[in-house]
Amino acid sequence: MTQTIRMGLVGLGKIARDEHLPAIAHTEGAELVAVASRNASEEGYGHYPDLAAMLAGQPDIDAVILCQPPQVRYEAAREALLAGKHVFLEKPPGATLSEVDALVEIADQQGVTLYASWHSRYSAPVEQARAWCAGRALTRVEINWKEDVRRWHPGQEWIWEAGGFGVFDPGINALSILTEVLDDRVRLIDATLHIPAGRAAPIAAEMAMATAGGVPISAAFDWRQTGPQIWQILFETGDEHYLFAQGGDDAANTASGEESAISHEYRAMYRRFVDLVRMGASDVDVAPLQLVADACLRGTTCITEPFEDME
Ligand code: NAP
């Protein structure tokens, strides 16, 4: 009989409660046994104030799920890997590329699994988009990812701080889809980052990219979108097009009792994580993070009007 993977989760915030806890509960071969949170506790699991206490209190944990903001994830991932635990990283896998590289090396040395998750890659339309693009000569790709930050990230201060990614927090989801759908490597050409006065992270950004074969790709990310929310990627050939469009209220739809699109993504990710652990393999693709890092390296920064969470 295959052994169940005993998991401990760190960072009991929005995504942990909305998606990780239910997804683990639905995954055969996975069991959540402990939660480390500075502020909250959850019925039914061992509760610890931090990762070190969790590892000391329940040394038989096999895997650690990290759901904190990216700025604090490296230290926790390193600690868990050095304790011989498999690690599941929420997206983005780190605040820098070099720290993710360092984690890959540690996981390798320890002989444990490191999984850099990209939930948007598991949405059903991604496979359809891949199938449509395969064998077609694309002429253009256009990303429009525009949402209301007050609606989706209320009170999340970390997201505006250095290493919090700002509008690239949702934007990197689009880039994870792009780099999954296209077989060709994508490079950054230029970018503009709009940063509210007094903040460290952008509220909007435009990126110009191209595939190795020269197909132009534009991306417009904006957190000031009120009204209809837009998560779209248009793939074009000379005379045909395919529109990837993601459902907006996916997380909210969970309340209706049906499996929402995002829940489907998280369940698929846990199945993948369990498989990786059983195969003794890791899965760390930094292509989306690399494009964001390049946009910050190469881009022009414009300071825009200050942003306040409450209007
Ligand atoms: P969140 O609601 O702010 O929760 C993050 C949790 O991390 C906090 O509740 C806190 O948990 C813990 N934490 C540890 N150190 C922290 C620090 N220095 N500052 C703030 N929190 C700290 O954020 P979230 O929306 O769950 O996002 C967490 C990660 O998941 C992000 O990387 C995000 O990109 C990713 N993600 C989010 C969504 C979404 O829809 N929200 C979707 C997909 C992926 P404790 O109080 O328990 O210690």
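Is Ser263 buried or exposed, and what is its relative accessible area? Ser263 is buried, with a relative accessible area of 7%, where buried means under 20% relative accessible area, exposed over 50%, and partly exposed in between, with a 1.4 Å probe and protein chains only.

## About the model

This is a predicted model, in which local features need pLDDT of at least 70 and side-chain atom pairs count only at pLDDT 80 or more, while totals for chains, interfaces and linings use all residues. Residues are numbered from 1 along each chain as its sequence is written, and side-chain values use heavy atoms, with hydrogens and water left out.

## The surroundings of Ser263

Ser263 belongs to helix H8 (residues 261-279); helices (H or I, at least four residues) and strands (E, at least two) are DSSP runs, numbered from the N terminus. The side chain of Ser263 is joined to that of Glu19 by a polar contact of 3.2 Å. A polar contact is a pair of N or O atoms within 3.5 Å; within protein, one must be able to donate a hydrogen and the other to accept it, and residues adjacent in sequence count only if both atoms are side-chain atoms.

## The ligand and its shell

The ligand has 22 residues around it, of which Leu12, Ser37, Asn39, Arg73 and Asp169 come nearest; a residue counts as near if one of its heavy atoms lies within 4 Å. This shell divides into 9 nonpolar, 7 polar and 6 charged residues, where Ala, Val, Leu, Ile, Met, Phe, Trp, Tyr, Cys and Pro count as nonpolar, Asp, Glu, Lys and Arg as charged, and the others, Gly among them, as polar. Because domain 1 (5-116) and domain 2 (121-254 + 291-304) both give residues to the shell, the ligand lies between them; the domain bounds come from an automatic or database domain assignment.

An oxygen atom of the ligand is 2.8 Å from a polar backbone atom of Leu12. For Arg73, an N or O atom of the side chain is 2.8 Å from an oxygen atom of the ligand, and for Trp158 a side-chain N or O atom is likewise 2.8 Å from a ligand oxygen. The protein covers 82% of the 870 Å² of accessible area that the ligand has on its own, as found by the Shrake-Rupley method with a 1.4 Å probe.

## Strands that pair

In a regular strand the side chains alternate between the two faces of the sheet. In strand E4 (residues 63-66), Ala63 and Ile65 point one way and Val64 and Leu66 the other way, and all are buried. Strand E4 pairs in the parallel sense with strand E1 (residues 5-10) over 4 bridges, and Met7 stands opposite Ala63; two strands pair if DSSP finds at least two bridges between them. Strand E5 (residues 86-89) runs parallel to E4 and is joined to it by 4 bridges, with Leu89 as the bridge partner of Leu66.

Strand E7 (residues 140-146) pairs with strand E11 (residues 230-236) in the antiparallel sense over 7 bridges, and with strand E10 (residues 216-222) in the parallel sense over 6 bridges. Asn144 has Gln232 as its bridge partner in E11 and stands opposite Ala220 in E10.

## Details of the backbone

Most residues other than glycine have a negative phi, and most peptide bonds are trans. The bond from Lys91 to Pro92 is cis, with omega near -10°, and Pro92 lies in the loop between E5 and helix H4 (97-110). Phe165 has a positive phi, near 80°, and is buried, with a relative accessible area of 9%.
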